[in-house]
Amino acid sequence: MLKRNILTLTFASLLSILLIAAWFVYADGEELLAVFPMAFFISWFAIPVILLNGLPVSLLSEKLTKRFSNNQRICWSFVIHAIFGLGFIFIVGLLFESQTLIRDFSQFWRSYEMFFIASIITSICFWVIDECLRFCLGKKAEVF
């Protein structure tokens with residue numbers, strides 16, 4: 001389990017940072033090669049957030065869904081990852097810009113829309129990588 005969580009953290013972090021960088025490069029109309037410097041820049045901010053939010057959400061999801069059947073577990077795991085991905089930006093808003101979030105939601109949304117997209121991308125990457133590794137490592141465990 002710990003091995004899979006570390007692999008999930010590593011692969012999901014890399015994938016989500018590259019996807020977020022690609023999104024920003026595409027939105028700015030830059031060249032494709034600009035993805036790598038952008039990914040390096042984004043990683044300075046994203047990796048601590050992923051460690052503090054993504055890993056605990058995956059562990060919580062695993063703990064809450066362990067008693068379900070495989071299909072139910074997959075669905076509930078997605079729901080948990082998506083809810084925390086959606087909710088993350090609102091938690092950040094409550095912590096750092098609660099006045100804007102409460103009084104002028106449209107201004108808050110305009111300021112944090114890109115972070116919302118990045119949070120959703122990261123949560124879906126965590127879910128996909130975790131489920132793929134669970135499947136692959138589970139099959140490997142059955143062989144041995």
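1. Basis. The model is predicted, so local features need pLDDT of at least 70 and side-chain atom pairs count only at pLDDT 80 or more, while totals for chains, interfaces and linings use all residues. Residues are numbered from 1 along each chain as its sequence is written, and side-chain values use heavy atoms, with hydrogens and water left out.

2. Overall make-up. The protein has five helices and zero strands, in the order α-α-α-α-α from the N terminus. Helices (H or I, at least four residues) and strands (E, at least two) are DSSP runs, numbered from the N terminus. Along the principal axes, the C-alpha atoms fill a box of roughly 55 × 40 × 20 Å.

3. Of the 144 residues, 32% count as buried. Buried means under 20% relative accessible area, exposed over 50% and partly exposed in between, with a 1.4 Å probe and protein chains only. Among contacts (heavy atoms within 4.5 Å) with a separation of 6 or more, 66% join residues 24 or more positions apart.

4. α1 against α2. Two packed helices are described by the angle between their axes and the distance between the axes. The axes of α1 and α2 are 8 Å apart, at an angle of about 140°. Axes are lines fitted to C-alpha atoms, for helices over the stretch in contact, and angles run from 0 to 180 degrees between N-to-C directions. That angle makes α1 oblique to α2; angles under 35 degrees count as roughly parallel, over 145 as roughly antiparallel, 65 to 115 as roughly perpendicular and the rest as oblique.

5. α2 against α3. Helix α3 covers residues 70-96, and its axis comes within 9 Å of that of α2, crossing at roughly 150°. The two helices are therefore roughly antiparallel. α2 passes α3 in a right-handed crossing. Residues of α2 in the contact include V49, N53, V57 and L60, and those of α3 include R73, W76, I80 and F84. By class, the contact has eight nonpolar, six polar and one charged.

6. A nonpolar core is a set of buried Ala, Val, Leu, Ile, Met, Phe, Trp, Tyr and Cys residues joined through side-chain atoms within 4.5 Å. The largest has 15 residues, of which I17, A21, I42, A46, I50 and F126 touch the most other members. Two or more residues come from each of α1 (2-28), α2 (35-65) and α5 (105-143), and α1 gives the most, with six. Leaving aside residues up to four places away in sequence, I42 touches I17, I20, A21 and F24.

7. Second core. A separate core of six residues includes I89, V92, L101 and F108.

8. S43 lies in helix α2 and counts as buried because its relative accessibility is 16%. S43 touches I17 and P48, not counting residues up to four places away in sequence. A118 is in helix α5 and is buried, with a relative accessible area of 16%. The C-alpha atoms of A118 and W23 are separated by 8.9 Å, although these residues are 95 apart along the chain.

Terms used: A crossing is left-handed if the near helix is turned anticlockwise from the far one by less than a right angle, and right-handed if clockwise. Ala, Val, Leu, Ile, Met, Phe, Trp, Tyr, Cys and Pro count as nonpolar, Asp, Glu, Lys and Arg as charged, and the others, Gly among them, as polar.
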